[in-house]
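Here are my notes on the model you sent over. Have a look at it first, then read on.

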Amino acid sequence: MILTTTPTIEGRTITEYRGVVFGEVIEGVNFLRDFAASIRNVVGGRSGSYEEELVNARNNAMRELESRAYQVGADAVVGIDIDYEVLGANGNMLMVTASGTAVKLA
């Protein structure tokens with residue numbers, strides 16, 4: 001499965017559009033990671049724990065997108081866009097959505 005943010009795939013011809021596919025993930029953020037991140041906010045620097053959460057959520061959303069593309073018989077997903085949102089009353093939920101167009105290739 002080819003996954004790309006570009007609208008075309010160099011050297012390949014799109015023969016059929018199978019529709020827009022999505023991968024959505026909503027994950028809670030761990031209290032201990034919140035505490036470690038708050039310390040980072042005071043002393044400065046990057047929050048490795050939040051970065052890890054973000055990478056995991058993005059990878060899960062991409063895996064779900066790929067799975068849904070397989071379900072519709074696609075060879076690739078083009079025009080992928082990834083969006084991030086913080087949800088919940090205390091902002092303790094992270095939502096990552098990946099979307100793109102599932103296509104068949106020649």
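The points below go from confidence to layout, pairing and surface.

1. First, keep in mind that this is a predicted model, where local features need pLDDT of at least 70, side-chain atom pairs count only at pLDDT 80 or more, and totals for chains, interfaces and linings use all residues. Residues are numbered from 1 along each chain as its sequence is written, and side-chain values use heavy atoms, with hydrogens and water left out.

2. The mean pLDDT (the predictor's confidence in each residue, from 0 to 100) is 86 for the chain, and 80% of the residues score at least 70. Among the elements, strand S1 (residues 2-3) has the highest mean, 98, while helix H1 (residues 31-43) has the lowest, 50.

3. You'll find 2 helices and 4 strands, in the sequence pattern β-β-α-α-β-β. These are DSSP runs numbered from the N terminus: helices are H or I with at least four residues, strands are E with at least two.

4. Strands pair if DSSP finds at least two bridges between them.

5. Now follow S2 along its partner: S2 and S4 (residues 93-105) are antiparallel over 13 bridges. Tyr-17 sits opposite Val-103 in S4.

6. Of the chain's 106 residues, 28% are buried (under 20% relative accessible area, 1.4 Å probe, protein chains only; exposed is over 50%, partly exposed in between).
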